[in-house]
Amino acid sequence: SATVPYPPSPTPFLMPHAIRIHAHGGPEVLRWEAVAASDPGRGEVLVRQTAIGLNFIDVYERTGLYPGTLPTGLGREGAGVVEAVGPKVRGVAVGDRVAYVSAQPGSYAQERVMPADRVVKIPDGVSDRLAAAAMLKGLTAQFLLRRTYKVRKGDAVVIHAAAGGVGLIASQWARELGATVIGVVGSDAKAAVAREHGCHHALVLGRDDLAARVRELTGGAGAHVVYDSVGKDTFFASLDCLRPLGMMVTYGNASGPVPPVAPLELARRGSLFLTRPILFHYIARRADLDRAARELFDVIGRGAVRIEIGQTYALQDAAQAHRDLEARRTIGSTVLIP
């Protein structure tokens, strides 16, 4: 049930398994391997995972765009049940349902040891799958809309990949805050999804002239802020969507990293602001993580934001999930089930 804690597993995994990579490359480098069982240490908890979120950062780490030490696991968010607690743990008990987003990869696993101060309890009425799908993407939407650029009533905002995991959440949340939401998507089918989830307008990348259409939709003024997770292919078009003193928020590289840009490009477009934020800087303090999680679960609980899980895969099928994500065949959030 989503409304009561699960009991601890009566038969923990004798030999837990995880998806790991030993080389960077395509989805074929993902391996399903037995891993050593771990006991939680001081300040740690052991989580038996029931759902794991899939994100583009997993692709970046698999390909080596975000390099790391090999071999390594993948995955940054998950949810499950606390199986054991280490010494000096307060506020979390065996049997609690918890979710997390981690600065280190490793959630593609049947179980995981996590610092107790990095997990949050899942509220009654929110399923494990929903929590796993919401943590990284939902907390990303929270810091983008509430802290990087604090969206206010009457703002015009442009959200790229508006039919994706972060995009669907951010579009609904921005509309709830009173903004005029202009979504950018890759197809007419995704445009319909974006309009159903908060976007007042949906533009199709590659067909619509983004800057011209945004100015038309804003009475010639341009947007207050652009949230761009696409990167290389859309960066300069996004800059051209902004009004003077507008803010460009580049927070992803789905099409590849943004090339070097001269600061003069910001000046000539109207003294624009440019930032490249990272979630984990915004939730480094426990108080900030708690506040962000409360805001996220509040908008979900009130129905202002619906988390759409467009597809699920068995954890062992993570390679196919990666192929579909890279081919833009997914809509909304994707969850892997151990």
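Predicted model: local features only at pLDDT ≥ 70, side-chain atom pairs only at ≥ 80, totals over all residues.

Student: Which element supplies the largest share of the lining of the second largest pocket?
Tutor: This pocket, with a volume of about 270 Å³, is lined by 20 residues, and Ala-18, Val-35, Gly-106, Ala-109 and Glu-111 are the closest to its centre. Two elements, strand 7 (111-115) and strand 1 (17-21), each supply at least two lining residues. The largest share, four residues, comes from strand 1.

Student: Which element gives the largest share of the lining of the largest pocket?
Tutor: The largest pocket holds about 920 Å³ of space. Its lining comprises 42 residues, with Phe-56, Tyr-60, Val-166, Ser-229 and Tyr-251 nearest the centre. Among the elements that give two or more residues to this lining are helix 1 (56-63), helix 3 (165-176) and strand 16 (333-337). The largest share, four residues, comes from helix 2.

Student: Why do the buried residues of helix 5 lie on the same side of the helix?
Tutor: In helix 5 (residues 210-217), the residues Leu-210, Ala-211 and Val-214 are buried. They lie on the same side of helix 5 because the arc they cover around the axis is only 95°.

Student: Against which elements do the buried residues of helix 5 pack?
Tutor: Packing is judged here by contact, that is, heavy atoms within 4.5 Å. By that criterion, the partners of the buried residues of helix 5 are strand 9 (156-160), strand 10, strand 11 (201-204), strand 12 (223-228) and helix 6 (235-240).

Student: Is His-24 buried, partly exposed or exposed?
Tutor: His-24 is found in the loop between strand 1 and strand 2 (31-34). Beyond its neighbours within four places in sequence, His-24 is in contact with residues including Val-29, Glu-61, Arg-62 and Leu-70. Buried requires a relative accessible area under 20%, and exposed one over 50%. His-24 has a value of 32%, and is therefore partly exposed.

Key:
Residues numbered from 1 in each chain as written. Heavy atoms only, no water. 1 Å grid on protein atoms, 1.4 Å probe; cavity = no way out; pocket = protein on both sides within 12 Å on 5 of 7 lines; lining within 4 Å. Points joined across faces, edges and corners; volume = space filled by probe spheres on them. Buried < 20%, exposed > 50% of the residue type's maximum accessible area, 1.4 Å probe, protein only. Arc of directions from axis to C-beta.
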